[in-house]
Structure formats: C-alpha cells, structure tokens
Amino acid sequence: MNVQSPPEKLTARDFATDQEVRWCPGCGDYAILKGVQNTLAQLEADPKNTVFVSGIGCAARFPYYMETYGFHTIHGRSPAVATGVKLANPELDVWVVGGDGDMLSIGGNHTMHAIRRNVDLQILLFNNQIYGLTKGQYSPTSKIGTKSPSTPLGSIDNPVSAAQFALGVGGTFIARSSDILQKHLPEVLKRAYKHKGASFVEIFQNCIVYNDGVFKHFTEKTVQDEMQIHVEHGEPLLFGKEKSKGLILNKDEMRLEVVTLGENGVTLEDIAIHDETNRGLATMLAQMDPPDYPVALGVLYAAPGASYETSVHAQIAQATKDADKADLNKLLQRGQTWTVE
Amino acid sequence: MSEVAAVERPEENRQEVESAVVRFAGDSGDGMQLTGSHFTMTAAIAGNDLATFPDFPAEIRAPAGTTFGVSAFQINFGARKIMTSGDLLDVLVVMNPAALVTNLADVKPNGIVIADSGAFTARNLTKAGYEENPLEDSSLDGYRLVKIDMSRLTVEAVKEFGLSNKEALRSKNMWALGVVYWMYGRKRQASIDWLETKFAKNPDIAKANIAALNAGHAFGETAEMPAELGTYEVESATIEPGLYRTITGAESVSLGLLAGSLLADLKIAFCSYPITPASALLHQLARMKEFGVVTFQAEDEIAAAAAAIGASYAGSLGITSSSGPGIALKMEAIGLAIATELPLVVINSQRAGPSTGLPTKTEQSDLYQAVYGRNGDAPMPVISVSTPSDGYEVAIEAVRIATKYMTPVMVLTDGYITNASEPWLIPDAGDSERFDVEFRTDPENFQPFMRDDETLARPWVKPGTPDLMHRIGGIERSYDSGHISYDPENHQKMTDVRAAKVLGIANDIPEQTVEVGEAGAKLGVVGWGSTYGPINRAVNNMRDDGLDVAQIHLRYIWPLPRNLGELLGTFDQILVPEMNTGQLRTLLRDQYLLPAEGFNKVNGKPFLIGELEDAIRARLEK
C-alpha cells in the first residue's frame, strides 16, 4: 500500500501570484497583502477553496495578487457578488476586499445588507479616508475639513465610522487593525476567518500619495502606546507604555472613562473587562477617538448568529428531502388541468 | 327599463356564437380577478379556446368606488382559435359606477351591460363623476342594459349563514358569475369544487359563496330577462388532443427557467428585487425549492444582478429578473457579465416607461435598452416571448444560449404576457433535448479566456476546482490569459471577439420562417413579443379578404436570424407594428437598410385586431 506523504505546508509566498503589484511605492496595501498572505498560510487555507471578491478602487486590485480564485467586479457591488458566490457554494471561503469609498459610499447599501444578513464572508475594509484611484477626492470617512480637489475649502459633511456602522446594522463580528500592525493584523484576520457569519474588519491604511499620515496621531511609534488600546476578550481594558492606563465604565453617565492606575485610588479591579459579546460596550469602544481616548483595535464584537447561506440551504435541504417531489412533469401539471380528447 | 324581477320562465333556445368577449369590472375589493379566473377555467373545461387579460390598478387598496380603484378581467373564448383577449366586449359586467365609466367605451355597439344597480348609490355616482345615474337616464341607450340589484339579492341569498352585511357582500362576485354562467350555459361544478377546497376551513364562507353562485344562476333561469339579452352557446373549439392547463407568462417563464436548468444540469440562483410586473417570477421560483432552486430577494436591483453574477461565477445558473427601470439599474453589472463572459439570464418584464411610467400597463419599449443600452461595445443576445405559453420554450433557449456561449442573455417579455393566460398543451419534460454544461477541470494548458474554436466561448471553471485558480474582472483582459491588459491592440481584439461570439449565435438558431402567408407578398408584417396574437388574427382576416399579406414574427432580436435580411427583401412593403415608437423598425432599417415602416402605439393596451386590419388595408390600398 502506498503511503501518501502529507502535502507540504504552503507559505505566504504560495499565496502570491506572478502578477506585478501595482500600488504606489509605500502604500499601506502592500503590508495588508503580506498580512493576508501570511494569515492564509498560517491557517493552512486551501487556495482552491478560497475566493477573493473586490469592487473598484486601489484596494480592489487585491484579488489579482492572490493565488486563489478571484473576481474583480464593479464599484461598490462586491458584497452582493460575494453573497451570490456564497449562495451558490457555501463551502467556499469568501473574502471581500474594498476601500472606504467602495464599501461605504457607492456600496454602502450592499455592505449594510451583507452584514445584517450575516453572510459568511470576511469583509476587509481598507480605510484610508480618501479616494485614491480617482486622485484624491475626500471620502465618506474623511474628517470634516479635509482639503481635496473636490473640497478645496475643506469637506463639510460628517464622516461615517465604519465600525459603528457595522455594529449599527447588526454585525456579528466587528474588528479593527492597521496596515502597520504586522503581528496584530494576522491575529485579527484569523479570528475573522473562524467566525461563521459576516466578519467585518476595518483596517486603517495609509495612502502615501493623497492622505499621508492621516492616522499618525495614533499610529506613530511615539504615540502608539498611548493612543491605541488592543482589546482582548476577558482581559482588562488596559493601554499605555507600562499598561498603566485603563478604561472604566462610568455607570452614571453610561460612558467609558480613561483612568490611570494608582491615581485617585484606581486599581486593576476597577478596570472594565472586555466582553466581545457586549454590543453596548463594543459601541462605546468603537466611538473612542484621540486625543481624549485611544483608538480601540482588535475584536470589538463577536457573537454567534446563524449565517444566511446556511439557513438558505437548510430550507432547501428540508424541501428536497422528499426526492419524489422534484418531478418536473408533476410541477408542469400542477393545478387544474383538463384533457382534450 | 325597470329592474328585472325573478319570475319563472322556460329555458329558451340558445343562440350559437363562434366566440364571445366578456369583461368583469368592479372595485379592487370586489374579487373580479377571481371571478375571471373561474370563468376561464370553466370555459377551458367546456373545450373552448381562450385568452384572458387582467387589468388591475397600481394602487393596492385604492379607495372604494373610485375610478382608479377599478379592477377588471377580460376573457375571449370561442369555438375557433383565439388569438387575443378580444377587441371589443360582448358583455360587460359592472359592480359599481366607477367600473361602468372606465370600461363602457370598450363595449360593442348594442353590447350587453350588466350592472349591479344596488351599487349605483348617490355616493358611488359622485365618486365616479356622474351627475345623473346612467342606469336611469338615456345615456346607455346604445347598449342592452340589464340592471340587477346584485347587492341586495346576494345578501338575501346568503342570509342563512349568519354573515355580517359586509361579509355577505363579498359573495357578490359569485352571484354575478352565476348569471354569466347561465347566459353561456356553463356548468357550475368546477367553481363549486374550488370554493369547497379553498374554504375548507371556513365552511360557512364556502357555503355562502356557493349559495350566491347558485342564486345568480337561478335568477337567470327564472327572471324576466329582457328578450334581447338572450342566452348563448359557444361550442368547443377544435384543439389538439392532450392534457391542458391555463398558463400565464410568469408561470411559463418560471417553469422554462427551471426546465432549462435541469437540461443544463445546473442549480438555479434566482436573484431579484420586487417590481411590478416582474415580481410574479420571484414568487413562482421561491416555491420551487424542492428542485434545489435558490431564490434571493436582494436589497436592490443592482445587488440582484451582482449576486446572480456571483452565483454564476461559482457554478450555478445565475438569473435576475426585473422590469424596465430595474433593468436600467442592472446594466453596469450586465456589462461585467459580458466582460467576464459568465452566463446570466436576465428576464425583463417590460412596462410602460420612461421612469416609473405606467407600472401596470404593458409596452415593448425596452428593445433599445436590451440591444444597445450599455456602456462600451457590449453585445448580448436578446430573445423575446410572444404568447403567455411561449415563455417555457424561450426561457429554455435563454439558458441554452447563456451556458453554451458564456454570455448574459436578455429575455424580453411584458406586462401583458406576464399576467395574461391561455390554455397550454402540457409538454413532457423528457422530450426536450439536454444541453449539459461541462465545467473545465483539466489544468493542462488552461487559460481562463482561451476560447472554443466553434462557439468562441471561454471555459467555465467552478472555484473549488484544483489547480485552476485564476482571476477575472471588469478591466480589459488579455486574450487567453485573462490578465489585466491595457494594450490597445488587445482591446481591439477582445472587442471584436466579443461581438463575433454573439453574432455567431445566429448560426445556432433556426432560420426565420413566415408565420402566415408566403415570402414575396406585397406586404410583410413583422412583429416581436406580445403583438403576436393580434397581428396573427389581423393578417389571417386580411388574407381571407383577399389581401396579399404575410406575418413574420421574431423570437430572436439579437442576433437576428441569419436569413432575415434576405427574407424581408422579398416583400414590397414592410410594416412593423410595435407597442413603442419604432424600436424594431430602427433595428431592421439599421441592419438591412430596408424601408420598414412602423405602426406604433403606446397607450398601455395591447393592439386591437381591428386597428391592425386598418393599418394593413391602408398600406395595400394606397
């Protein structure tokens, strides 16, 4: 009898195609691409069962660089296309990749419905708060006052918070990471992969050409410890260089407060514990913004829920149980018939 | 004329007529659609050929008694082949003044108008815009008017079942049906059986409806009806033997899509968004889950098209369905299916436009949209449905072309066909030729855009297949490899091959035949879609009158049949009747430089046979 040797483990490199990557030098997308390729290798994902679906934009070129199945579709519609893929074959691992314009502006509706239906997709939103591919117009996540070719005097409309949006439409998995967090990002992506349902991951991504440094107030080395909090389920919400700061829940005002351990009698016992199944807490974490608060990264929210395509196919399995019913001739003759002699 | 009273009288000899057109019209809540469908079933069982046309308001619950709340159902039934739901009415049954004012113009001179006089109250008359009661003045002198207080008689007939007045009046439609059954000597049993089954859990409701039906019928038998009203006999038609059902266009297209998927050995992913008059397809397919049919009610038209494309990419038969405005929203996605060369079936149940237009009224004004309406040079096959039962074959053909040529296919049907019904000789599913799809699994020399020599189709690969991982997308793809290519020569080559692939389908569809008459006639009448019935009858009638005219009816709009140019060249004149302002006419002129003339109308209603006859005569007698 032949003994089959176990297949060699794939490396990150095995998930890269032979196509030349065409993002601008220094673009945050390179780091995310590497992070995703690393993640798939670590997960021992099967390339033939993996599909990357994207819309339009810089981020949406992603599938061309992944040695998996890939579909570069049209602007904003990738969550809908991916829903169709998953409905046709629930066994596939489907990743959706897009930017803030693609997924929150032209495709906001589809993002909303893919999340609320809880289709089993990993939705990666590369948020750089700008339109890159169309040369620098402000986006729906741009801060008020963003100067761009279409807003020379500064943008005046309120930006949308991606994570709050996803929480608001009933998402079952909402996480955040950043292009430069090469250790953090794969861990978040692995959690997203393992979650059954729509896993929404907002990745802060620097656009070096049109919006360089827009996240530096919490990503630069000098401030990152004070301006980022990496949340872990069941762990106290601590941050700061010496983990000397933390978040407590002010129950009177129903909001989080930043405290320093040892000051005003605050001890570790007082620090709020992260509970990723608590949608209210997740919402408060998603709302936090520098300089008053650190930016919350990691899995903000994760709770089980029936995934859409599973439920669709459960109904079909129920209906097809009785194979005799699937008789086209019987269906053609259903209802009132008569015979002409 | 005074109101008729129930007095015994003997059964008279029935007058034989070859065909008759009856319309039931009343308030949305009066159950006119149900009444019409009962009459249809009974006519079918009596062996008549028939065609029906429901006409209902856009509003779901329009205020009672208003003209915009009138719902009507028309049936043409006969001892001969019936081609349309009928030009003018022999009998109009009206349940209130609004139904009278909106439908009277369609009644033949001296036709029969049966009115529920009980509903002609001062309030209802005002709502319909009457200053005087038309049943009491001389305004209906040109018709044979029969006034019956159906409301009162229905309430009396169902008294024993202890229903409220409002509930009792719900049976008024059955009472009216009883009278018309009597007029045409129809049996009531099929309706009685239906009511007993339908209201099995509410026996009192069933009994009340049956009592009303019987009472209406008995009233006809015993009442002192005006002598000229008469009773009629419509003999059974000569119909091909076999098992029949009635079928609407929505039903035939749905069944055809399912049949096509089974012939291709594919699972359906039907992705749609509700829109009048296309929603019926979603409803039909949602009830076919036992065949593994996936239906997806998307968040919008675009998502529906996109999800269908995603499903096709993953190896299902993606289908999306809508009406004109929704199809417009889908067009960018359809362009993606053209670019990535994925199969997709798009059903367009056309309605009157532009914009929202007239959602419940029919038109065939999306031919331009189907053939031309996309950005870029984006050819796709377009085929059309001609009659309510034709949708079965057309839908199968759409699936065949989409899967064999890896292309989206648009099926043009319309609001008339979708809702209208006709008898259908039920086919045997096993008689259709199979066209099983073969997915590519062989990695040897695989390239995602390498084409079949004959069809020019690219291979279809299901994600999940080992060693065939590849990427596709809407950016121009390199010939064979499918990699992104901005090379100008490559774009020329790809544009040419996309066009050639679609045009090549002309070699895989039947040559165009002449439906009625012969090539070389003085006048060729060229139609497509739901104008088939009236054109067919008009051409036959004109030929009986000795005119040299022929009918050509197209199923294939794009590509056109390969012999069409030559065939059309044999006619002295070409007339193209369409329910639009001349879209096929433009296409024919464009393709063949022929002096085709149009005969066009867009009033939301199908062509009348009479107006087509006049148009044919005008061309041949000028």
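In chain A, the buried residues of α6(A) pack against α1 (28–43), β4 (121–127), β5 (173–178), β6 (199–204) and β11 (295–302), where a residue counts as buried if 20 or more other C-beta atoms, placed from the backbone, lie within 10 Å of its own. This is a predicted model, in which local features need pLDDT of at least 70 and side-chain atom pairs count only at pLDDT 80 or more, while totals for chains, interfaces and linings use all residues. Residues are numbered from 1 along each chain as its sequence is written, and chains are lettered from A, with ligands numbered from 1, in the order in which they are written.

Helices (H or I, at least four residues) and strands (E, at least two) are DSSP runs, numbered from the N terminus. Helix α6 of chain A covers residues 184–194, and its buried residues are A:L185, A:P186, A:V188, A:L189 and A:A192. They lie on the same side of α6(A), because they cover an arc of only 160 degrees around the axis, the arc being that of the directions from the helix axis to the C-beta atoms. An α-helix has 3.6 residues a turn, so residues three or four places apart point the same way.

Turning to chain B, its secondary structure comes to 20 helices and 22 strands. The radius of gyration of chain B, taken over C-alpha atoms, is 27 Å, close to the 25 Å that the globule rule (2.2 Å times the number of residues to the power 0.38) gives for 622 residues, so chain B is as compact as a globular protein of that length. Buried residues make up 54% of the 622 residues in this chain, and its C-alpha trace spans about 90 × 60 × 45 Å along the principal axes.

The two chains also touch, with two residues counted as in contact if their C-beta atoms, placed from the backbone, lie within 7 Å. The residues that each chain brings to this contact are as follows.

| Chain | Residues in the contact |
|---|---|
| A | 49 residues |
| B | 58 residues |

On the side of chain B that touches chain A, the largest share, 9 residues, comes from α11(B). That side divides into 36 nonpolar, 13 polar and 9 charged residues, where Ala, Val, Leu, Ile, Met, Phe, Trp, Tyr, Cys and Pro count as nonpolar, Asp, Glu, Lys and Arg as charged, and the others, Gly among them, as polar.

Conventions: Buried ≥ 20, exposed ≤ 12 C-beta atoms within 10 Å, placed from the backbone.
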